[in-house]
Amino acid sequence: DPQQIELTTASKRKLRRFIVIDEVVDKLYGSKVREYFEKNNVQHKILALPTTEETKSMDLVLNILHEVQNFSLDRRTEPIIAIGGGVCLDIVGLAASLYRRRTPYIRVPTTLLSYVDASVGAKNGVNFLQCKNKLGGYTPPVASFLDRSFIQSIPRRHISNGLGEILKMALMKHKGLFDLLKNHGKYLLDTKFQSCNGFADHGDAALQTTRIAIETMLEELAPNLWEDDLDRLVDFGHLISPELEMRVLPSLMHGEAVNVDMAFMTYVAHTRGLLDAEEKEQILQCMRGLELPVWHSGCSWALIQRALRERLKHSGGQPRMPLPTGLGVAEIFNDTTEETLERAYELWVRD
């Protein structure tokens with residue numbers, strides 16, 4: 001906006017920015033970030049922190065807020081910038097929402113998972129009492145800046161991890177996205193979601209995949225940003241996975257735990273007659289092609305029962321279980337019997 005540029009350049013006050021960056025990202029890109037702010041004559045403070053599921057706590061939020069206070073940040077004109085994966089974006093979002101009741105913040109995702117998931121929507125939070133995201137709120141960022149070039153420096157397993165959340169949206173809402181993942185999954189893993197010339201047979205699969213994933217996520221989240229309606233297709237893969245992920249840390253990453261959950265729910269859908277054998281097998285083959293786990297020994301029948309009881313507490317006394325009813329279509333069910341769940345579990349274990 002030319003008017004904003006004019007106001008900014010005309011102001012006698014020097015531009016100031018407070019940046020929280022994941023310490024691994026800082027090692028890779030910190031010098032470029034510093035160079036950018038120095039080149040643009042922006043006074044800045046860069047706080048590099050270890051942002052992992054194990055450190056995702058109120059202690060880290062308070063650490064950030066101490067530094068924000070020392071920086072004397074203006075909550076109206078100086079947004080906090082978060083550069084990192086989903087954990088970093090969640091922690092900074094919560095810190096910003098608490099400082100002076102609401103300070104603007106900007107999300108810059110650096111992993112595939114955060115690019116298609118944490119960058120979208122309003123939620124933020126931290127883990128508490130060994131429960132995932134038990135403390136948090138709904139404070140959307142003023143902007144999310146998306147740059148796929150960050151993804152080229154993350155390990156292959158992290159790419160696969162992000163593909164779990166993309167597959168979630170494909171199974172719930174978009175057969176075309178499912179076909180993209182089925183046909184181009186290995187290519188996306190090999191190229192780390194970079195748009196490469198000379199691969200005409202793949203088209204720009206990376207751009208198409210991320211764009212559709214984000215658009216379908218926005219379609220679901222935008223009308224229900226504050227989760228007033230608890231019937232949410234985006235909860236697919238998130239009924240059992242929070243309990244599983246926290247129980248087996250750090251052996252499963254978030255997208256991997258989500259995929260284990262989705263694999264089990266695929267068996268539930270098949271057991272209920274919502275998916276035929278061929279559709280079930282197509283889904284499982286796609287998951288394996290994306291190098292995602294379809295089983296974990298920590299996902300016991302007792303854990304599933306405990307996770308579903310916990311689900312009832314926080315979803316108005318109903319399971320609100322999203323299940324695929326085909327490839328790219330889904331519905332929410334409240335009438336899945338324990339007998340059906342146990343039969344699906346036995347088939348899953350057997351396979």
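1. Leu113 is in contact with Ala118, Asn161, Gly162, Glu165, His254 and Gly255, leaving aside its neighbours within four places in sequence. The model in which these contacts are found is a predicted one. Leu113 lies in helix H5, which covers residues 112-118, and counts as buried, at 13% relative accessibility. Ile46 is 67 residues from Leu113 in sequence, and the two C-alpha atoms are 23 Å apart in space.

2. Glu256 is found in helix H10. At 6% relative accessibility, Glu256 counts as buried, because the cut-off for buried is under 20%. Not counting residues up to four places away in sequence, Glu256 touches Arg157, Asn161, Ser251, Leu292 and Pro293.

3. The domain assignment of the chain gives domain 1 (2-152) and domain 2 (156-225 + 232-350). Domain 2 is therefore written as two stretches of sequence in the assignment. The C-alpha centres of the domains lie 28 Å apart. The contact between them takes 22 residues from domain 1 and 29 residues from domain 2.

4. The largest nonpolar core has 71 residues, and Leu167 and Phe264 are those with the most contacts inside it. Helix H10, residues 254-271, gives the most to this core, with ten residues. Domain 1 (2-152) and domain 2 (156-225 + 232-350) each supply at least three residues to the core. Another core, of 25 residues, lies apart from it; Phe18, Cys88, Ile91 and Val92 are among its members.

5. Phe264 deserves a separate entry. Leaving aside neighbours within four places in sequence, Phe264 is in contact with Ile240, Ile304, Leu341, Ala344, Tyr345 and Trp348.

6. Next, the packing of two helices. H10 and helix H11 (residues 277-289) pack with their axes 10 Å apart and at an angle of about 170°. That angle makes H10 roughly antiparallel to H11, because angles over 145 degrees count as roughly antiparallel. On the H10 side the residues that meet H11 are Asn259, Met262, Ala263, Thr266, Tyr267 and His270. On the H11 side they are Ala277, Lys280, Ile283, Leu284 and Met287.

7. How many disulfides does a search of the whole structure find? The search finds zero. Cys286 is in no disulfide, and the nearest cysteine sulfur to its own, that of Cys299, is 20 Å away. Cys299 is in no disulfide either; for Cys299 the nearest cysteine sulfur is that of Cys131, 17 Å away. Cys286 is buried, with a relative accessible area of 4%, and Cys299 counts as buried at 1% relative accessibility.

8. Is Asp179 buried or partly exposed? At 22% relative accessibility, Asp179 counts as partly exposed, because buried means under 20% and exposed means over 50%. Asp179 is found in helix H7, residues 175-191. In sequence, Asp179 and Leu327 are 148 residues apart, while in space the distance is 9.3 Å, C-alpha to C-alpha.

Note on methods
Residues are numbered from 1 along each chain as its sequence is written. This is a predicted model: local features need pLDDT of at least 70, side-chain atom pairs count only at pLDDT 80 or more; totals for chains, interfaces and linings use all residues. Side-chain values use heavy atoms; hydrogens and water are left out. A disulfide is a pair of cysteine sulfur atoms within 2.5 Å. Buried means under 20% relative accessible area, exposed over 50%, partly exposed in between (1.4 Å probe, protein chains only). A nonpolar core is a set of buried Ala, Val, Leu, Ile, Met, Phe, Trp, Tyr and Cys residues joined through side-chain atoms within 4.5 Å. Helices (H or I, at least four residues) and strands (E, at least two) are DSSP runs, numbered from the N terminus. Contact means heavy atoms within 4.5 Å. Axes are lines fitted to C-alpha atoms, for helices over the stretch in contact, and angles run from 0 to 180 degrees between N-to-C directions. Angles under 35 degrees count as roughly parallel, over 145 as roughly antiparallel, 65 to 115 as roughly perpendicular and the rest as oblique.
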